[in-house]
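This report looks at a single protein model and describes a few of its local features. The sequence and structure come first.

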Amino acid sequence: MVVYVPDGGPGVPQLCMAEDLGALSVRAAAGSPRWELLSRALGAAGAGEVAGDHVWLDIAWLRSAAGDRDQDWHDGFTGMLAHAAGRGWLSADGGRVRAHVEWGR
């Protein structure tokens, strides 16, 4: 899964490649890191928040942005979250998952 943020912010975040449950990242299309703009774009959409050099993505937003999916997808998404939890990449309340940021794509 990739959360794509046009211009690295202020563009509206979009979920791309929702069927790829083997990876999760944020791609910010900017030539250089613009953390403040990325933070505003994610926050305005309810998609997540910047924390240091990574992002905490809202799990409810990810599910909603993925659209209408079958049970196999939901099972796979739950498995992805379980893997993330095992790595310490799930928030304490279970509402957010950690993702790295790729700049300039």
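## Strand S5 and His 54

His 54 sits in strand S5, which spans residues 54–58. This is a predicted model. With a relative accessibility of 11%, His 54 counts as buried, because buried means under 20% relative accessible area.

His 54 can also be placed relative to Phe 77. The two are 23 residues apart in sequence, and their C-alpha atoms are 20 Å apart in space.

## Helix H1

Helix H1 covers residues 35–45, and Leu 38, Ala 41 and Leu 42 are buried in it. These residues take up an arc of only 95° around the axis, so they lie on the same side of H1. Glu 36 and Ala 44, on the other side of H1, are exposed.

An α-helix has 3.6 residues a turn, so residues three or four places apart point the same way.

## Helix H2

Helix H2 runs over residues 59–66, and its buried residues are Ile 59, Trp 61, Leu 62 and Ala 66. Viewed down the axis of H2, they fall within an arc of 160° and therefore line one face of the helix. On the other side of H2, the exposed residues include Ala 60 and Ser 64.

Which residues form a negative surface patch? The patch is made by Asp 68, Asp 70, Asp 72 and Asp 75. Among them, Asp 72 belongs to helix H3, residues 71–86. Asp 72 has a relative accessible area of 60% and is therefore exposed, the cut-off for exposed being over 50%.

Conventions: Residues are numbered from 1 along each chain as its sequence is written. This is a predicted model: local features need pLDDT of at least 70, side-chain atom pairs count only at pLDDT 80 or more; totals for chains, interfaces and linings use all residues. Side-chain values use heavy atoms; hydrogens and water are left out. Patches are made of residues with over 30% relative accessible area and no salt bridge: like charges are joined within 9 Å, nonpolar side chains (Val, Leu, Ile, Met, Phe, Trp, Tyr) within 5 Å. Accessible areas come from the Shrake-Rupley method with a 1.4 Å probe; for residues, only the protein chains shown count as cover. A salt bridge is a side-chain nitrogen of Lys or Arg within 4 Å of a carboxyl oxygen of Asp or Glu. Lys and Arg count as positive and Asp and Glu as negative; His and the chain ends are not counted. The place of a charge is taken as NZ of Lys, CZ of Arg, CG of Asp or CD of Glu. Helices (H or I, at least four residues) and strands (E, at least two) are DSSP runs, numbered from the N terminus. Buried means under 20% relative accessible area, exposed over 50%, partly exposed in between (1.4 Å probe, protein chains only). The arc is that of the directions from the helix axis to the C-beta atoms.
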